[in-house]
Amino acid sequence: MDRRLITGVVLAGGLGRRMGGVDKGLQELDGRPLVAHVIERLAPQVGSLLINANRNAERYAAFGHPVVADAIDGFAGPLAGLHAALAAATTPYVATAPCDSPFLPDDLVSRLFAALTANAAQIAVARSGDQLHPVFCLCRRELLPSLAAWLQAGERRFGGWTATLAAVEVAFDDQPAAFENINTCQELARFASR
């Protein structure tokens, strides 16, 4: 796998509703913002990195990577972030990870890429046990028109869109804890005390 062919994107464009409306990516875990933990794990796996954020763009830009906002109004969810990344990327592949999952696998992208290419798929999605993790995916940039049409039709479900594609699920049963995500202040406190 040639990392230079892959743009990574950290999805930090949500409203953080379950965390009281704060910008989740900027909440601290062990003295560092959640987004910093995700960047540290994702950046070595890709050739370049983008951050999808709809608030606090200057604070996110301080992490040293380009910041792209959703082109779809109204905080339309992670698919809108992927749409923004596909539009901004210049590489043939884009890999995603959410800003609230600081323990993501160190081999996430290589395993997704291996499955994508071996199966001639359009998108590879992580899975652990029977739990699908669609916001941990690797897709071909050529899917931009398909995703744009899906969003323009008012659709927002990640799994609904991937069901229309040549998709492959990639098992990460060896590291299910890698996909733990932090949605509430209580979860943040729980993970900080680990």
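This is a predicted model: local features need pLDDT of at least 70, side-chain atom pairs count only at pLDDT 80 or more; totals for chains, interfaces and linings use all residues.
Which residues form one aromatic cluster?

1. Residues are numbered from 1 along each chain as its sequence is written, and side-chain values use heavy atoms, with hydrogens and water left out.

2. Back to the opening question: the cluster is made of F136, F172 and F179. Rings of Phe, Tyr and Trp (its six-membered ring) pair if their centres lie within 6.5 Å; planes under 30 degrees apart count as stacked, over 60 as edge-to-face and the rest as tilted. The structure has 4 aromatic pairs.

3. Take Y93 and F113 as one of them. Their ring centres are 5.2 Å apart and their planes sit at 80°, so this pair is edge-to-face. Y93 belongs to strand β6 and F113 to helix α4, so the pair ties together parts that are 20 residues apart in sequence. (Helices, H or I with at least four residues, and strands, E with at least two, are DSSP runs numbered from the N terminus.) Y93 and F113 are both buried. Buried means under 20% relative accessible area, exposed over 50%, and partly exposed in between, using a 1.4 Å probe and protein chains only.

4. Now look at F136 and F179, an edge-to-face pair with 4.8 Å from centre to centre and 85° between the planes. F136 is in strand β8 (residues 131-140) and F179 in the loop between β9 and α7, so parts 43 residues apart in sequence are tied together.

5. On to the charges. A salt bridge is a side-chain nitrogen of Lys or Arg within 4 Å of a carboxyl oxygen of Asp or Glu, and the whole structure has 7 of them. One of these joins R41 to D106, with the closest N and O atoms 3.2 Å apart. It links distant parts of the chain: R41 is in helix α1 (residues 34-42), while D106 is in the loop between β6 (93-98) and α4 (108-118), 65 residues apart. D106 is exposed at 56%, whereas R41 is partly exposed at 26%.

6. D174 and R111 form another salt bridge, with 3.0 Å between the closest N and O atoms. D174 is in the loop between β9 (167-171) and α7 (185-192), and R111 in helix α4, 63 residues apart. These two also join D107 in a network of salt bridges.
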